[in-house]
Amino acid sequence: MLYDDLSHAYQDGFVFRGSTSAMAAYFHGRNCSILRTGAEAVLDLQKPHMARKTVVASLIRGEKYGFVEEIDLNDETRQRFGKFLLETIHAGKPQLLHLFRHPPYPGCRLFVFREFSGKWLAAITLSSRGYKELHTELMLRHRDAPGGIMECLVSGIFARLKHDGYREWSLGEVPFMMVDNASRLPLGSLEQLMVAMAPYCRHAYDYESLYRFKNKFAPVWRPVMLCASITSSPLILAELAVSMGFIDLVAYQSIRLLRNRLFPA
């Protein structure tokens with residue numbers, strides 16, 4: 001059904017990313033090309049992901065600053081969420097497009113780590129993607145937040161979702177990381193190209209730090225796929241990078257880095 005709808009709507013061909021392996025297999029069976037673009041970190045809510053020593057150490061550091069709270073999404077909190085975005089570490093940079101549900105739609109859940117005074121130090125939005133399964137949309141940190149805050153927020157959400165009877169929670173994708181707990185398939189030529197090019201973009205998008213943070217919770221890593229009804233090529237990857245705003249982000253960060261080197265503070 002989905003394949004038929006896409007084929008009808010985009011008769012010249014379609015490309016979409018963010019597919020699971022199961023969905024990619026479905027499209028591959030209909031003569032679509034598939035490509036790994038990264039991996040997502042999935043937490044089993046019945047397993048002790050928060051009991052690891054590195055996580056516990058972070059929780060000890062962070063818990064003294066405040067607590068985790070779920071916030072109802074209404075007009076007032078949406079306005080506050082918008083203001084919080086301007087205070088995060090990535091505020092002012094070009095934002096990636098077509099990757100997250102933003103602004104949060106009515107079905108999303110919003111959790112924050114707040115100081116005892118009420119100030120938000122971190123926020124995570126979640127969306128439903130299956131039976132008893134939730135997916136991370138935005139993961140945001142205040143530019144002045146101390147260490148351990150994000151770990152505390154993840155831990156607090158984990159406990160709440162487990163209490164609510166959910167089965168698993170995806171922390172979201174880490175692009176360019178070809179990590180897969182289930183298989184060790186060799187990289188295709190385009191996947192090798194992405195892996196080779198990724199380090200040149202690390203100054204703009206620090207995927208390795210993102211991987212280290214999510215891997216701290218010992219998740220199951222599952223591949224994230226791109227599906228195309230046309231033959232995948234470097235040109236398609238370039239067009240996707242443009243449409244997603246990734247080229248704008250790399251250009252912005254490159255100019256900023258060059259300016260800082262030429263005119264150090």
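This passage looks at a set of salt bridges and then at a pocket in the predicted model. Residues are numbered from 1 along each chain as its sequence is written, and side-chain values use heavy atoms, with hydrogens and water left out. Local features need pLDDT of at least 70 and side-chain atom pairs count only at pLDDT 80 or more, while totals for chains, interfaces and linings use all residues.

Side chains of opposite charge can pair when their charged atoms come close. With a salt bridge taken as a side-chain nitrogen of Lys or Arg within 4 Å of a carboxyl oxygen of Asp or Glu, the count comes to 14. In one of these, R109 pairs with E70, the closest N and O atoms being 2.8 Å apart. R109 belongs to strand 4 (residues 109-115) and E70 to strand 3 (residues 66-71), 39 residues apart; strands are DSSP runs of E, at least two residues, and helices runs of H or I, at least four, numbered from the N terminus. R109 is buried, at 15% relative accessible area, whereas E70 is partly exposed, at 23% (buried means under 20%, exposed over 50%, partly exposed in between; 1.4 Å probe, protein chains only). E70 also meets R160 in a salt bridge (3.3 Å, N to O).

The second largest pocket is lined by V15, F16, R17, H98, I236, E239, L240, S243 and M244. Here a pocket is an open set of points on a 1 Å grid over the protein atoms alone, where a 1.4 Å probe fits, with protein on both sides within 12 Å along at least five of seven lines; lining residues have an atom within 4 Å of a point. Helix 8 supplies the largest share of this lining, four residues.
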